[in-house]
Amino acid sequence: MLSIALAGKPNAGKSTFYKAATMADVDVGNYPFTTIDANRGVSHVRTECPCLDREERCGDDNCRDGKRYVPVELIDVAGLVPGAHEGRGLGNQFLDELSTADVILNVVDASGGTDAEGEPVEVGEHDPVEDVHFIEEEMDLWLASIVERNWESIERQSRSPDFKLDESLVDMLAGVGASELDVARTLRDLEYPEDPIAWTDEHREALATEIRQRTKPLVVVANKADIAPEGNIEALQEAADVVVPATADGELALRNAAQAGVIDYDPGDPDFDIVGDVSDQQREGLHRIRDVMDEWGGTGVQGAMDTAVYDLLDHLTAYPVQNETHWTDGQENVLPDAFLLRQGATPKDLAYAVHSDIGDGYIHAVDARENRRISDETELEEGAVIKIVSDAN
Ligand SMILES: Nc1nc2c(ncn2[C@@H]2O[C@H](COP(=O)(O)OP(=O)(O)OP(=O)(O)O)[C@@H](O)[C@H]2O)c(=O)[nH]1
Ligand SMILES: [Mg+2]
């Protein structure tokens, strides 16, 4: 499953985001280091379900009237402070938690109501722009320390006649999610001595930064948008490439209200309807959330995850079926599964995503929308509905 990690300084709202996005019961508190051990759970990205092109909706939990929710892993780690890579705050073991993530949501307190260490201050007192880049720097330094720790082993390996730097680096960096392609492209873009013994700290740091950029893209979540002073969100939008304004707290309130039957709201909707009895105070609270949603197009929680997966990672959703006419599995469930794949993925990649046996036994694929066989080289598109014919079926 694709993995999204929430990172950021303490008290920025990571656990609130996690709680809203997973509906799991985790601690939230207005002080630094509420979270110590990482929380891992399942959330979803939202897309349009292919059933919208048919007469009937799927009618299951993952598809609400054509809004399709595709599972992803969400990880909520302890807060990071500047210097974390050398053990400040709760230290660098928490950076290790990020190693399995495919993409990072850097949760920033856009209200400026917490200082660099996450201690509460007056709203507007701290400049949130300062919190944008330190996460990347900490991650770079953490990765550089991994490279340094392992360099002796690379030097040793380099004495062997069939030593290949790229292969050794792939071995070393697989644990942080770097593929052969990531390493190949990184080496192509860097200047470095052929002999690993001649590498300096600067060479290793440059390698770490390049690899981090390729393997851990970041979305800035400008959280606490509900109380952010005028101009703070805009300043963050200028400081980083991808910024999603958000109110994690607002999303949590909406999900709770929806669960209680008080409002009609699906995660990622730009608005909600009040359908149950609410007190004046509740109504006022809901209207405050609506003001933020009106300004930014939603609460930003669903939006941040969707941006991470569909824009930054550039993934698509593909739906394997067994029956190409009815788009069902063997139990007549309509569009039972959805898989997130990289752009450029082929039917065979989908087969392997379903199961390695299905991939190994792959014979050919049928596009269920067109009801025709497609070539093995076909690049799948968002919303592809595919029957895989495999001798493992
Ligand atoms: N106004 C406002 N407050 C929020 C929002 N999101 C979270 N908070 C508050 O911010 C405080 C910190 O929230 P947490 O979710 O515990 O923050 P964290 O980043 O997990 O903190 P650590 O675990 O200490 O690193 C809590 O008091 C939350 O209620 C938001 O969107 N708006
Ligand atoms: Mg927390």
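User: Which residues are closest to ligand 1, and how many surround it?

Analyst: This is a predicted model. In it, 23 residues surround ligand 1. The closest are Asn 11, Lys 14, Thr 16, Phe 33 and Thr 34.

User: How does the shell around ligand 1 divide into nonpolar, polar and charged residues?

Analyst: It holds 8 nonpolar, 11 polar and 4 charged residues.

User: Why is the pair between ligand 1 and the backbone of Thr 34 called a polar contact?

Analyst: The cut-off for a pair of N or O atoms is within 3.5 Å. An oxygen atom of ligand 1 is 2.8 Å from a polar backbone atom of Thr 34. That value meets the cut-off, so the pair is a polar contact.

User: What about Gly 79 and Tyr 31? How far are their backbone atoms from an oxygen atom of ligand 1?

Analyst: For Gly 79, a backbone N or O atom lies 3.4 Å from a ligand oxygen. For Tyr 31, the distance from a polar backbone atom to a ligand oxygen is 3.5 Å. Both are set against the limit of 3.5 Å.

User: How much of ligand 1 does the protein bury?

Analyst: Taken alone, ligand 1 exposes 650 Å². The protein buries 90% of that.

User: Which elements give two or more residues to the shell around ligand 1?

Analyst: They are α1 (14–22) and α8 (248–259). The most comes from α1, with 3 residues.

User: How do you know that α1 is mostly covered?

Analyst: Count its residues. In α1, 8 of 9 are buried. The buried ones are Lys 14, Ser 15, Thr 16, Phe 17, Tyr 18, Ala 20, Ala 21 and Thr 22.

User: Which residue follows α1, and what is its phi?

Analyst: Met 23 follows α1. Its phi is positive, near 60°.

User: Where are Asp 314 and Leu 335 found?

Analyst: Asp 314 is in the loop between α10 (301–312) and β10 (315–321). Leu 335 is in the loop between β10 and β11 (339–342).

User: Why is Asp 314 called partly exposed?

Analyst: Its relative accessibility is 39%. Buried means under 20% and exposed means over 50%. Asp 314 falls in between, so it counts as partly exposed.

User: Is Leu 335 buried or exposed?

Analyst: Buried. Its relative accessible area is 0%, against a cut-off of under 20%.

User: Why is His 126 called buried, and where is it found?

Analyst: His 126 is found in the loop between β5 (103–109) and α3 (134–157). Its relative accessibility is 10%. Buried means under 20%, so His 126 qualifies.

User: What makes the pair of His 126 and Asp 131 a polar contact?

Analyst: Their side chains are 2.9 Å apart at the contact, and the limit is within 3.5 Å. Separately, the C-alpha atoms of His 126 and Asp 115 are separated by 5.6 Å. Those two residues are 11 apart along the chain.

User: Which backbone oxygens lie by the side chain of Ser 390, and at what distances?

Analyst: The backbone oxygen of Ile 358 lies 3.1 Å from a polar side-chain atom of Ser 390. For the backbone oxygen of Gly 361 the distance is 3.2 Å. Both values are within 3.5 Å.

User: How do you know that Ser 390 is buried?

Analyst: Ser 390 lies in strand β14 (residues 384–390). Its relative accessibility is 6%. The cut-off is under 20%, so Ser 390 is buried.

Note on methods: Residues are numbered from 1 along each chain as its sequence is written. Chains are lettered from A and ligands numbered from 1 in the order in which they are written. This is a predicted model: local features need pLDDT of at least 70, side-chain atom pairs count only at pLDDT 80 or more; totals for chains, interfaces and linings use all residues. Side-chain values use heavy atoms; hydrogens and water are left out. A residue is near a molecule or strand if one of its heavy atoms lies within 4 Å of it. A polar contact is a pair of N or O atoms within 3.5 Å; within protein, one must be able to donate a hydrogen and the other to accept it, and residues adjacent in sequence count only if both atoms are side-chain atoms. Accessible areas come from the Shrake-Rupley method with a 1.4 Å probe; for residues, only the protein chains shown count as cover. Helices (H or I, at least four residues) and strands (E, at least two) are DSSP runs, numbered from the N terminus. Ala, Val, Leu, Ile, Met, Phe, Trp, Tyr, Cys and Pro count as nonpolar, Asp, Glu, Lys and Arg as charged, and the others, Gly among them, as polar. Buried means under 20% relative accessible area, exposed over 50%, partly exposed in between (1.4 Å probe, protein chains only).
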